[in-house]
Amino acid sequence: MDAAFFLFLALVGVSVGFLSGLLGIGGGIVMFPMLLYVTPFLGFSGIDIKSITGLTMVQGFFSALAAMFYYHKNALVNRSLVATLGLSLFLSSLLGSLISKNVPDGLLLMVFGTLAFIAAVMMLIPRSYVRDDMTEEKVFFDKTTAVVIGIVLGFSIGLVGQGGAFILIPMMLYVLKIPLRVALGSTLAIGLFSSSAGLVGKVATGQVPYLMALPLIIGAIPAARFGSIVGKKTNTKFLRWLLAAIISATAVKVWLGII
């Protein structure tokens, strides 16, 4: 790997890691199109989709781990929600990641695009911001609904190599009615379940290019920590619209590529 490509991957890790901490996302929703489209645009050799899904799992895991500790320290990680949704996600995501090696790249791209489209539409639905600064001990939710969400979404996000935060956050906000800051913090912890399960599957099936993963991790860990500090001080209305814009832009780009 030459120095220019190493630096490019490290910068991708920094930018995606910061967004992970800021918005509670693992970063795959941003990293997937960056590695797929920006890499060849800059003159580097293209990366195949299966390797990209493996890299997003690696980056998602370490970014979520780095940022989650800050959110937990500020009482923004609901343990019951993490356990309920996270465990159901883990098993179904692991199954999806193991099966993904035999799924055509075009179908993987369509699954990713569909999830991004659904998430974008949900994030544009009007909502109240009154409860968004509430801490985790005041949060209650329907556990049966959380388990169903985990099982249904887990398989799909395991297929496409995502921690799934980009679709989990809208589900938490609009279906489970979780306050935004707790949703962001809890999603990072839940992302550790789904991304670790998916990562095991990707590693077991040889879909992780380790040399490319190293600069991503080096850039992502400190940036995720910094992003979480900035996110705690940022107005929740801005965070919601920034997340909606990122998801919507990614959904459009992916579907333009498919069409």
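Residues are numbered from 1 along each chain as its sequence is written, and side-chain values use heavy atoms, with hydrogens and water left out. Because the model is predicted, local features need pLDDT of at least 70 and side-chain atom pairs count only at pLDDT 80 or more, whereas totals for chains, interfaces and linings use all residues.

The protein contains 10 helices and zero strands, where helices (H or I, at least four residues) and strands (E, at least two) are DSSP runs numbered from the N terminus. Read from the N terminus on, the order of elements is α-α-α-α-α-α-α-α-α-α. The radius of gyration of the protein is 17 Å, close to the 18 Å that the globule rule gives for 259 residues, so the protein is as compact as a globular protein of that length; the radius is taken over C-alpha atoms, and the rule is 2.2 Å times the number of residues to the power 0.38. Along the principal axes, the C-alpha trace spans about 50 × 35 × 30 Å.

Of the 259 residues, 59% count as buried, a class that means under 20% relative accessible area, with exposed meaning over 50% and partly exposed lying in between (1.4 Å probe, protein chains only). The accessible surface of the protein amounts to about 10400 Å², of which 74% belongs to carbon and sulfur atoms; such areas come from the Shrake-Rupley method with a 1.4 Å probe, and for residues only the protein chains shown count as cover. Among contacts (heavy atoms within 4.5 Å) between residues at least 6 apart in sequence, 88% join residues at least 24 apart. The mean positions of the 17 positive and 8 negative charges are 5 Å apart, where Lys and Arg count as positive and Asp and Glu as negative, His and the chain ends not being counted, and where the place of a charge is taken as NZ of Lys, CZ of Arg, CG of Asp or CD of Glu.

A search of the whole structure finds eight aromatic pairs. Rings of Phe, Tyr and Trp (its six-membered ring) are taken to pair if their centres lie within 6.5 Å, and planes under 30 degrees apart count as stacked, over 60 as edge-to-face and the rest as tilted. One of the pairs is formed by Phe18 and Phe226 and is tilted, at 5.8 Å centre to centre and with 35° between the planes. This pair links distant parts of the chain, with Phe18 in helix α1 (residues 3–23) and Phe226 in helix α9 (residues 210–232), 208 residues apart. Phe18 counts as partly exposed, at 24% relative accessibility. The rings of Tyr70 and Tyr71, by comparison, have their centres 6.4 Å apart and their planes at 90°, so this pair is edge-to-face. Tyr70 is buried with a relative accessible area of 12%, and Tyr71 likewise counts as buried, at 2% relative accessibility. Ring pairs also link Phe5, Phe8 and Phe44 into a cluster.

Backbone geometry was considered next. Most residues other than glycine have a negative phi. Ala75, however, has a phi near 60°, a positive value in a residue other than glycine; Ala75 is placed in the loop between α3 (49–73) and α4 (79–99) and is partly exposed at 28% relative accessibility. Phi of Lys177 is also positive and near 60°, and Lys177 lies in the loop between α7 (165–174) and α8 (180–204).

Three further residues illustrate local surroundings. Ser80, in helix α4, is partly exposed with a relative accessible area of 29% and touches Phe141 and Lys143, not counting residues up to four places away in sequence. The C-alpha atoms of Ser80 and Thr145, which are 65 residues apart along the chain, are separated by 13 Å. Val103, in the loop between α4 and α5 (105–123), is buried with a relative accessible area of 10%; leaving aside neighbours within four places in sequence, Val103 is in contact with Lys50, Leu108 and Leu159. The C-alpha atoms of Val103 and Leu159, 56 residues apart along the chain, are separated by 8.3 Å. Thr234, finally, lies in the loop between α9 and α10 (236–258), counts as buried at 16% relative accessibility, and, with neighbours within four places in sequence left aside, is in contact with Leu22, Arg181 and Leu239.
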